[in-house]
Each structure stands twice: as structure tokens, then as C-alpha cells.
Amino acid sequence: MRKIGMALAAMLLLAVTGCGLFSETKKIPSEDIDVLIVFASEIATLHDTSLPPGSKEKFEAAKRLLEGVDFSYTRNVRTLDNIFGASDVKIATVDTTSEYLIFQYTYGGSRVMFSFARTNNAVTASEVGIDTAL
């Protein structure tokens with residue numbers, strides 16, 4: 001009887017952890033090829049030059065990327081070109097060797113922002129987030 005109880009407890013534990021009740025949803029690293037597949041619709045929206053960065057469509061697409069993609073290890077500027085629309089970038093020069101690439105999407109008093117420090121074609125730092133108190 002004790003073996004049956006232990007087996008049932010083990011099965012229950014596997015079922016609970018297998019359902020993801022105790023695990024976080026993992027984000028896909030930005031340089032993983034799966035980003036281009038899983039978020040193809042969102043990327044297409046961000047590349048749509050007929051939509052301004054302040055549109056609901058671009059804001060929602062950017063928000064879904066923020067929630068599902070890990071940008072902390074982004075190291076290649078080409079990755080940014082693949083994900084974000086070139087027409088949405090704002091460039092802030094810091095000194096003669098580095099600059100920040102900033103993608104900002106606002107809608108309804110909220111803002112999703114992606115900021116990347118760049119030297120040549122290498123991304124040296126990133127900061128992403130959402131601000132709902134504009």
C-alpha cells in the first residue's frame with residue numbers, strides 16, 4: 001500500500017510540474033532563429049512603414065516581443081535589423097565610438113521601449129521595459 005501511495009504522489013508531482021504551475025515561461029533569446037518564426041507576425045508589424053510607432057498595432061506587437069523575447073544577450077546589430085523596423089529607430093550619440101539605438105512604441109498612455117548601446121556592429125548593452133504611467 002505504501003508503494004502505491006508513493007507512486008501516486010510521484011505521478012501527481014510530475015503532473016503538476018509538467019503543467020507548468022511552478023515554472024516560469026521562458027523567453028526566447030533574441031538571437032535564436034526561433035524568434036523570427038514564433039514572432040513573425042509581430043516582426044512584420046514592426047517593419048510595416050505605413051504604421052507609426054504610436055499605433056496600437058505596433059505597440060501591441062512590441063509588447064508581445066517584450067514578453068516573449070530575451071534581449072539581454074543581444075550582441076549583433078543585425079539581430080535588431082531583423083526584428084525592428086528601421087524607420088522606428090532613434091539614434092543617440094554618446095561619444096565618438098558608441099551610440100544608442102532606441103525603439104519606442106507608445107499607445108494609450110503606455111510605452112514599450114527597447115534601448116541598445118552599440119559600438120560599430122556590436123551591441124554592448126541593452127535595456128528594455130514597459131512604462132504604464134506616462
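Trainee: How many helices and strands are in the protein chain?
Mentor: The protein chain has 5 helices and 6 strands. Remember that this is a predicted model.

Trainee: In what order do the elements run from the N terminus?
Mentor: They go α-β-α-α-α-β-α-β-β-β-β.

Trainee: What share of the residues counts as buried?
Mentor: Of the 134 residues in the protein chain, 28% are buried.

Trainee: Which members of the largest nonpolar core touch the most others?
Mentor: Phe84, Phe114 and Phe116 do, in a core of 23 residues. Helix 3, helix 4, helix 5, strand 4 and strand 5 each give two or more residues to this core. Helix 4 supplies the largest share, with 5 residues.

Trainee: OK, helix 4. Which of its residues are buried?
Mentor: Lys58, Phe59, Ala61, Ala62, Leu65, Leu66 and Gly68.

Trainee: And what does Phe114 touch, beyond its neighbours within four places in sequence?
Mentor: Its contacts include Ala62, Leu65 and Leu66. Those three residues are on the buried list for helix 4. Phe114 also meets Phe71, Phe84 and Leu101, among others.

Trainee: New topic: Glu99. Where is it found?
Mentor: In strand 4, which covers residues 99–107.

Trainee: Is Glu99 buried or exposed?
Mentor: Buried. Its relative accessible area is 16%, and the cut-off for buried is under 20%.

Trainee: Which residues does Glu99 touch, leaving out those up to four places away in sequence?
Mentor: Ile91, Ala92, Thr93, Val94, Phe116, Ala117 and Arg118.

Methods. Residues numbered from 1 in each chain as written. Predicted model: local features only at pLDDT ≥ 70, side-chain atom pairs only at ≥ 80, totals over all residues. Heavy atoms only, no water. Helix = DSSP H or I, 4+ residues; strand = E, 2+ residues; numbered from the N terminus. Buried < 20%, exposed > 50% of the residue type's maximum accessible area, 1.4 Å probe, protein only. Contact = heavy atoms within 4.5 Å. Core = buried A, V, L, I, M, F, W, Y, C linked by side-chain atoms within 4.5 Å.
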